[in-house]
Amino acid sequence: MLAEHRLHPSDLILPLFVCAGQGCEEPIPALPGVYRWTVDRIGAQAKAAAALGIPCVALFPNTPANLRSERGEEALNPDNLICQAVKAVKNACPEIGVLTDVALDPYTAHGHDGLVDQHGCVLNDETTAMLVEQALVQAEAGADIVAPSDMMDGRVGAIRRALEDAGRCDTAIMAYAAKYASAFYGPFRDAVGSRGLLKGDKRGYQMDPANAAEALREVALDVAEGADMVMVKPGLPYLDVVAAVKREFRLPVFAYQVSGEYAMIEHAAAAGAGERDALILETLLAFKRAGATGILTYHALDAARLIDG
Ligand code: PBG
């Protein structure tokens, strides 16, 4: 009766990994209980999510090694894995929202989110031009929300203008606005196959975990450039940032409970350090308390079932 916050399945976004091939799912050892699905199986996952009241899925490809390249051109292929998956989800389950990640890391041979120069430095403006094309290709395939996760400066405005020019004024932008250079992304890089490829780290474009005021400046830029909603990432270690963004901007703020956070809960529960279902629900509720509009979580299906039950 006195609870100030409540978790609901409509608060959740389910990330799904896609792989090449047919009729199979690949377990991801670093993410126990999470799979990569072939395109023919991804629709059923979206349907399961929708049946539980989850409003949106976020799709990530594991691009076959032979299609990765220095410049990540496969990102612009209108028939790449992600575009096929968007269409498969929309066919199987037209009512669910589809969010796609805009960044080059699943496509580049070096695992960076952008184009790199001969010294391995990421090139902001050249990358942005490619991200614009990538976002258009994804929107064309049917993505409802494009989510630039690359942290280049100026990409939200460039993508918004290009979407408008293409007549896609209904495609929304969820900006990964405050994305930290975090140690919690390891299992995700396994899942999309970029872990072993990554040369160096992403500190040149992702944020310093020491900074909070900078997150507000990053959000302000993305909002001014036309972001419809923003994201803070990782989740639990950055709830102060979620709360500050909500307070300052009063627009939808999403938090990404990332792969390393998921793995921590799974391993803690497996080791008997805590009760799995309770850990899932308590951590997700913490996001609501901090002011998050919604949460991207690999526990979305389990959480929705637990809330319903
Ligand atoms: C890539 C991207 C990453 C995640 C989402 N999009 C990894 C990274 O920046 O290296 C991480 C998600 C997770 O760890 O669950 N642009």
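**Pockets and a buried ligand**

β1 gives the most to the lining of the largest pocket, with 4 residues. Here a strand is a DSSP run of E with at least two residues, a helix one of H or I with at least four, and both are numbered from the N terminus. This is a predicted model, where local features need pLDDT of at least 70 and side-chain atom pairs pLDDT 80 or more, while totals for chains, interfaces and linings use all residues. Residues are numbered from 1 along each chain as its sequence is written, and side-chain values use heavy atoms, without hydrogens and water.

**The largest pocket**
- A pocket is an open set of points on a 1 Å grid over the protein atoms alone where a 1.4 Å probe fits, with protein on both sides within 12 Å along at least five of seven lines; lining residues have an atom within 4 Å of a point.
- This one holds about 240 Å³ of space, a volume being the space filled by probe spheres set on points joined across faces, edges and corners.
- Of its 16 lining residues, those closest to the centre are Leu-14, Gly-33, Val-34, Tyr-298 and Leu-301.

- A ligand nitrogen is 2.9 Å from a side-chain N or O atom of Asp-113, and a ligand oxygen is 2.9 Å from one of Gln-206.
- Alone, the ligand exposes 400 Å², and the protein buries 100% of that (Shrake-Rupley method, 1.4 Å probe).

Terms used: A polar contact is a pair of N or O atoms within 3.5 Å; within protein, one must be able to donate a hydrogen and the other to accept it, and residues adjacent in sequence count only if both atoms are side-chain atoms.
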